[in-house]
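Here are my notes on the model, as numbered points. Please read them with the structure open.

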Amino acid sequence: MSKKTRATMAMEKAGKPFELLEYIYDPDAPSIGLQAAEALGVPASMVFKTLMVTAGDEVCVALLPSDRELSMKALAAVAGKKSAAMLRPADAERISGYHVGGISPLGQKKRLRCFVDASALELPFMVINGGQRGLQIKAAPKDVVAALAAATAALVAAD
């Protein structure tokens, strides 16, 4: 497994410290983020999944804890749009330049607006996809937000 991906290079270019975490990727896992959290021994609330979404006619990236669901209403509101929806996996791969299971918010083919769930700011670190299946980036939430030029907001659906 290559440890140099577009995602790791984006963190390096941003001058933000990070640690790489590797695990055995299970393509049959019902939830990639939950499987990564379990394999790494990290609470699911600290492993953030990368979701590719459309807000109105704009493609955006949403990062939220892997054990939570995205509120499309909240995402649309923070993006200043009337509606939001998940991208189809094939479209997410084409637009991001990554394969599903390895989609990182960092180093995508085109810079997209990114929204990070505000719960990240309460954590000592967060784990995000490192740009390939089985590779994760562990970093301070403020550093991830800065590297992405992301906005933070409450994005999770109410239980």
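1. Aromatic pairs: the search of the whole structure returns 0. A pair here means rings of Phe, Tyr and Trp (its six-membered ring) with centres within 6.5 Å; planes under 30 degrees apart would be stacked, over 60 edge-to-face, and the rest tilted.

2. Basis. This is a predicted model, in which local features need pLDDT of at least 70 and side-chain atom pairs pLDDT 80 or more, while totals for chains, interfaces and linings use all residues. Numbering runs from 1 along each chain as its sequence is written, and side-chain values use heavy atoms, without hydrogens and water.

3. Charges over rings. Arg6 sits over the face of Tyr98, 4.3 Å from the ring centre. The criterion is NZ of Lys or CZ of Arg within 6 Å of the ring centre and within 35 degrees of the ring normal.

4. Strand β2, residues 48–55. Of its 8 residues, 7 are buried, meaning under 20% relative accessible area with a 1.4 Å probe, protein chains only. Strands are DSSP runs of E, at least two residues; helices are H or I, at least four; both are numbered from the N terminus.

5. Partners of β2. Strand β3 (58–65) pairs with β2 in the antiparallel sense, over 8 bridges. Pairing requires at least two DSSP bridges. Thr50 faces Leu63 in β3. The β2–β3 hairpin has 2 residues between the strands, and Gly56 takes a positive phi near 65°. Strand β4 (84–86) also pairs antiparallel with β2, over 3 bridges. There, Val53 stands opposite Met86.

6. Helix α1, residues 6–13. Which of its residues are buried? They are Ala7, Thr8 and Met11. Gly15 follows α1 with a positive phi, near 70°.

7. Cores. The largest nonpolar core has 37 residues; Met52, Leu106, Val116, Ile128 and Leu148 touch the most other members. Its largest share, 4 residues, comes from α5. A core is a set of buried Ala, Val, Leu, Ile, Met, Phe, Trp, Tyr and Cys residues joined through side-chain atoms within 4.5 Å. A second, separate core of 14 residues includes Val53, Ala84, Ala153 and Leu155.

8. Met52. Beyond four places in sequence, its contacts (heavy atoms within 4.5 Å) include Val59, Val61, Met86, Ile95, Ile103 and Leu112.

Note on methods
Buried < 20%, exposed > 50% of the residue type's maximum accessible area, 1.4 Å probe, protein only.
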